[in-house]
Amino acid sequence: MALSSAEHMTGCTHASLTLPGKSWAKLVKVKSIVKKIGQDDPRRVIHSFKVGFALVLISILQHFRPSFYGFGDNIIWAVLTVVLVLEFSVGATLGKGLNRMLATALAGALGLVTHRLATLSGKKGKLVLSSIFVFVIAETVTFMRFSPWLKARYDYGLLIFILTFCLVSLDYNTDSELLEIAQERLLTIIIGSCLSIVICICICPVWVGKDLHNQIAANIQKVADFLEGRLFGKMGTVSWPTPYELRSRIQETCTNISLESGKALKEASLLVKNMAKSSTPNFYVTNAKNAAESLKSVLRTNPWEEANHLEIIPAATVASLLIDVVICIENICEAVEELASLANFVPYELLHRGTTVQPICDEHDDGSVHVITVNE
């Protein structure tokens with residue numbers, strides 16, 4: 001028994017000694033995770049600052065309650081609005097803010113009307129009519145949320161509509177008191193929404209369209225790197241079990257297709273990234289198509305007539321895939337050209353025009369200005 005007690009004390013002592021080390025290790029791990037989140041996209045840190053700043057402004061507004069119509073406890077709706085509406089991007093914040101303001105106004109008005117009708121029916125009839133109104137409106141709006149078109153644009157607004165209507169129609173205050181409360185809550189929600197929109201636009205705004213534009217260019221660049229690097233390496237690996245005669249006839253052509261396709265995608269990625277359009281066709285696409293035609297010609301001659309079919313399957317598969325890749329590359333480049341034409345991108349040549357430098361004249365100069373053109 002004494003030995004068991006001693007072992008227990010030893011275990012507790014060991015745990016108490018290792019606890020600070022484990023706690024510090026967990027703290028370091030959390031710190032690294034937080035650091036990685038901020039480094040992946042520094043705008044996340046700025047967004048967190050914007051949310052905190054908006055809530056500080058709301059709290060300051062509460063101290064000036066007499067100057068703002070006496071919001072009373074309804075100021076909490078402004079706080080909830082900021083927390084729910086202020087999103088990472090401007091478009092999402094604007095959409096949520098407009099949805100919340102419009103849904104609150106419409107649901108509040110409808111709730112006041114149904115509350116008045118239920119009140120006119122007497123004390124017992126009020127409970128029945130209020131229940132019927134809540135059931136019909138909530139069931140109808142909830143069913144509307146299943147519509148793909150409404151769900152994509154107004155799902156948040158429909159949700160707020162249900163919530164606001166139920167809060168107003170089931171309220172036990174008199175009509176005049178309920179009208180005053182509804183006005184104050186609508187006003188605070190409008191203030192919270194407008195404040196969120198203004199902060200999101202004025203402080204380091206994030207536009208989803210710009211992110212999408214950069215992501216498209218980056219994805220095209222990744223495919224180009226794959227074609228020039230990994231696919232080239234895989235072709236070298238596949239060529240080993242292939243008979244030398246067949247390998248010598250298709251390897252160079254397959255390599256050219258891969259390299260030219262990667263260069264074509266890199267040029268398309270550069271055009272998308274700089275929002276520019278080229279006045280000449282993509283030269284690399286033409287090279288890749290010519291190489292694909294050469295590969296087709298080689299395959300039509302049936303170069304594996306006397307070879308083992310199990311040995312030629314890998315090379316034939318790669319060759320067939322590369323021919324399909326060229327078709328996809330051509331479609332991507334055509335889509336980029338169509339986008340550049342529809343969006344009126346700047347001609348790529350204008351991005352490399354000469355830079356004009358105008359020197360500043362001193363007091364001893366005769367007044368003439370010499371223009372110097374520096375060509376890139």
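The residues that line the largest pocket of this predicted model divide into 14 nonpolar, 4 polar and 3 charged. In this division Ala, Val, Leu, Ile, Met, Phe, Trp, Tyr, Cys and Pro count as nonpolar, Asp, Glu, Lys and Arg as charged, and the others, Gly among them, as polar. A pocket is an open set of points, on a 1 Å grid over the protein atoms alone, where a 1.4 Å probe fits, with protein on both sides within 12 Å along at least five of seven lines; its lining residues have an atom within 4 Å of a point. The model is predicted, and local features need pLDDT of at least 70, side-chain atom pairs count only at pLDDT 80 or more, and totals for chains, interfaces and linings use all residues. Residues are numbered from 1 along each chain as its sequence is written, and side-chain values use heavy atoms, with hydrogens and water left out.

The volume of the largest pocket is about 260 Å³, a volume being the space filled by probe spheres set on the grid points, which are joined across faces, edges and corners. Its lining comprises 21 residues, and Thr-104, Gly-108, Thr-164, Val-168 and Ala-182 lie nearest the centre. At least two lining residues come from each of helix 4 (90–120), helix 6 (148–169) and helix 7 (175–202); helices are DSSP runs (H or I, at least four residues) numbered from the N terminus. Helix 7 gives the most, with 8 residues.

The second largest pocket has a volume of about 180 Å³. The residues that line this pocket include Leu-98, Leu-102, Val-141, Tyr-154 and Phe-161. Helix 4 and helix 6 are the elements that give two or more residues to its lining. By class, this lining holds 9 nonpolar, 2 polar and no charged residues.

A search of the whole structure finds 7 salt bridges, each defined as a side-chain nitrogen of Lys or Arg within 4 Å of a carboxyl oxygen of Asp or Glu. One of them joins the side chains of Asp-211 and Arg-43 (2.9 Å, N to O). This pair links distant parts of the chain, since Asp-211 belongs to helix 8 (residues 208–228) and Arg-43 to helix 2 (residues 43–63), 168 residues apart. Asp-211 is partly exposed at 25% relative accessibility, and Arg-43 is partly exposed at 29%; buried means under 20% relative accessible area, exposed over 50%, and partly exposed in between (1.4 Å probe, protein chains only).

Another salt bridge is formed by the side chains of Glu-87 and Lys-96 (2.8 Å, N to O). Glu-87 is partly exposed, with a relative accessible area of 26%, and Lys-96 is partly exposed, with 23%. Lys-296 and Glu-293 also form a salt bridge, with their closest N and O atoms 3.7 Å apart. These two residues are separated by about one helical turn, because they lie 3 residues apart in helix 11 (residues 283–300). Lys-296 is partly exposed at 26%, and Glu-293 is partly exposed at 43%. Salt bridges that share partners join Arg-145, Lys-151 and Asp-155 into one network.

Glu-260 lies in helix 10 (residues 244–274). Glu-260 is buried yet has no salt bridge, and the nearest side chain of opposite charge, that of Lys-263, is 4.3 Å away. Charge is assigned by residue type, with Lys and Arg positive and Asp and Glu negative, while His and the chain ends are not counted. When residues up to four places away in sequence are not counted, Glu-260 touches Tyr-284, Asn-287 and Ala-288, contact meaning heavy atoms within 4.5 Å.
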